[in-house]
Amino acid sequence: MLVAALASASVPAEASPGTPSPAVASPNGRGDAVLNLFQWTWNSVAAECKRTIGPAGFGYVQVSPPQESIQGTAWWTSYQPVSYKIESKLGSRADFQNMVSACKDAGVGVIADTVINHMAGADTGSGAGTGGTNYSVDSFPGVPYGYNDFNDCRANISNYGDRYNVQNCRLSSLQDLRTSSDYVRGKIAGYMNDLLSMGVAGFRIDAAKHIPASDLAAIKAKLSNPDVYWVQEVIGAGGEPIQPSEYVGSGDVHEFNYGRELKSRFDGQIKDLRSIGDNKLPSDKAGVFVDNHDTERNGETMNYKWGAKYKLANAFMLSWPYGSPSVYSGYTWDNKDAGAPGASAASVPDANCADTAWVCTQRWTEITGMVGFHNAVAGTSVTNWWDDGNNHIAYGRGDRGYVTINNSASAVTRTYQTSLPAGTYCDVVASKDCSKTYTVSAAGSFQATVPAYGALALDVKHLSGGGVPTDPTDPADPDSTTVFYSTGKQWNAYNVHYQVGSGAWTSVPGASMMPACTGWVSKKIDADATITAAFNNGAGTWDNNGGKNYVLTGAAVAVSDGKVTAGDPCDDGSTPPAETQDDAAFSVNASTVWGQSVYVVGSIPALGNWAPASGVRLSAATYPVWKATIDLPAGTSFEYKYVKRDANGNTVWEGGSNRTATVGSNGAVTLNDSWR
């Protein structure tokens, strides 16, 4: 009998990665939650680690496979290796190294999705990979692998009830590696050791079910750190000979039945979520998720298209004491094979959360809040369980947190009983700025109205009047200087080689700089004196200011074209007035239910010509005030209205007549409205 959820609630995940030491402070603390950024470029991940992932309190970010693969626009081409060179559609080796360093600086460890069961499919024939390496069927000179390095079975898997067939034949034509061979094991371990040398914190083992557990254990034993964290993709199914429990000896295993049960419960009744850990892997060995890149497409689990219920399922996962949670963030799709937005055969554009094609789950208020909750209640068990026998549940996590989830179409008002200390708590689901609070009495009770398909969460780390620190991404630190450097030189990597005062210089090439905003990279340097610096690309090309090193002082300083300017070039508040003109700024105070967003639509093409689906989506960063800024020519007159839309396209129009506005002669207009 496997350990049940409640029985294992307070057991830490033994195989979970040790929490990285945070270099970026987080109001949410730092925990073991993983963010899975699917098909994000290395540069995009690096920037997101600083902007969102680190401050939110995620301990880890899982990235897509970094090895060279076949060319093609479909996402699954990343899972068909050509060699073990770190040259993929998502970036170069230098980009990958910069990302690992940048995320480490943000207190976030990188988990690499690792494809070691197979090479490219036999059906692809021959060609050149994303890094220029040639390959053909049974011949991968970039490793090198030849005919004898693949299993004898040359047919596709045809019988999942036969162990040999599943672990020796080809998965959808993919060339199945002979992982029983010590030579093959050595090549795989060499690839993983290369990633470890770059600072990778762990691995996700793709298609682990198709590799004997003993082979995986033998490969792990060859690693430079044989105790490194890894989680194995073993898709369990009833009646099959290969089960997830076989693989717990070498690390964590993904518990697919967890995601399947979440889908079933949220499509039916959530009252039975109390037993979600029963008859599954032990909590300390289970990697859990609401969805991943496979299951979101094949219908096995929920996905972003479920709207509010999808957010509720993630809130439950991050608040319930079973397994190590992984939050998934990908992109919108209709074609299940479609690659990332704008992908070409050999490259993927940087992710852009301003583009609604990217889901950007990690920026949702509900997700950020629940990551903080997860960290605040770590190690506690479930208390004060309550349910209505249907779709409304509530429970505490010891005396450190309390959650209630309403999976019904009607708002519910009731009094909840907790084990929390008396006080006024921020609802971390409702906002990031503690604008929604609840007061818990000395008896541990509070009254609340939970919206339809909504939730609320309170924890002792987020108390009104002091529980929420200021924005950690730009801390005022009198003993540091943030150095910004323009990317106009188009280098593949940027490094700052420096000394503080009369101290020692850094070792060449110096410290890696990470993406800060468009056109700039940055590095925060602990300094209580003047910094002397030179910049380089890590490959011998220098900008040492014509033989004169740069002299840098102050809290923030920018270097571009040989000029040094005080201040942060990425600070929106310091943008010159000329750049803020030609802007129409929309702002509306509007309350929404989970799953809804607010759009502005109007009579001109820039506002969708009255089509809600083509309108401009407003940001909820200052909820309940929604905001957006767009460029419109001076003198433009237009009519407009606000609408609320959910992921299914359901639209609610505000009342009253059409609003009107005209862009001023300076190219700007500011609109402050309230929903009506």
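A crossing of two helices is left-handed if the near helix is turned anticlockwise from the far one by less than a right angle, and right-handed if it is turned clockwise. By that convention the crossing of α8 and α9 is right-handed, and the crossing of α6 and α8 is right-handed. This is a predicted model, in which local features need pLDDT of at least 70 and side-chain atom pairs count only at pLDDT 80 or more, while totals for chains, interfaces and linings use all residues. Residues are numbered from 1 along each chain as its sequence is written, and side-chain values use heavy atoms, with hydrogens and water left out.

**Overall build**

- The protein has ten helices and 39 strands, where helices (H or I, at least four residues) and strands (E, at least two) are DSSP runs numbered from the N terminus.
- Its radius of gyration, taken over C-alpha atoms, is 26 Å, close to the 26 Å that the globule rule (2.2 Å times the number of residues to the power 0.38) gives for 676 residues, so the protein is as compact as a globular protein of that length.
- Taken along the principal axes, the box filled by the C-alpha atoms of the protein is roughly 75 × 70 × 50 Å.
- Of the 676 residues, 55% count as buried, meaning under 20% relative accessible area with a 1.4 Å probe and protein chains only.

**Helix α8 with α9**

- Helix α8 and helix α9 (residues 365–376) have axes 8 Å apart and pack at an angle of about 15°, the axes being lines fitted to C-alpha atoms over the stretch in contact, with angles running from 0 to 180 degrees between N-to-C directions.
- That angle makes α8 roughly parallel to α9, a term for angles under 35 degrees, whereas those over 145 count as roughly antiparallel, 65 to 115 as roughly perpendicular and the rest as oblique.
- The contact (heavy atoms within 4.5 Å) joins K311, N314, A315, L318 and S319 of α8 to E366, I367, M370, V371, F373 and H374 of α9.

**Helix α8 with α6**

- The axes of helix α6 (residues 256–266) and helix α8 (residues 308–319) come within 11 Å and cross at roughly 130°, which makes α6 oblique to α8.
- Here Y258, L262 and F266 in α6 meet K309, L312, A313, F316 and M317 in α8.

**Helix α5**

- In helix α5 (residues 213–221) the buried residues are D215, L216, A218, I219 and K220.
- These buried residues of α5 pack against α4 (182–197), β8 (202–205) and β9 (229–232).

Terms used:
Buried means under 20% relative accessible area, exposed over 50%, partly exposed in between (1.4 Å probe, protein chains only).
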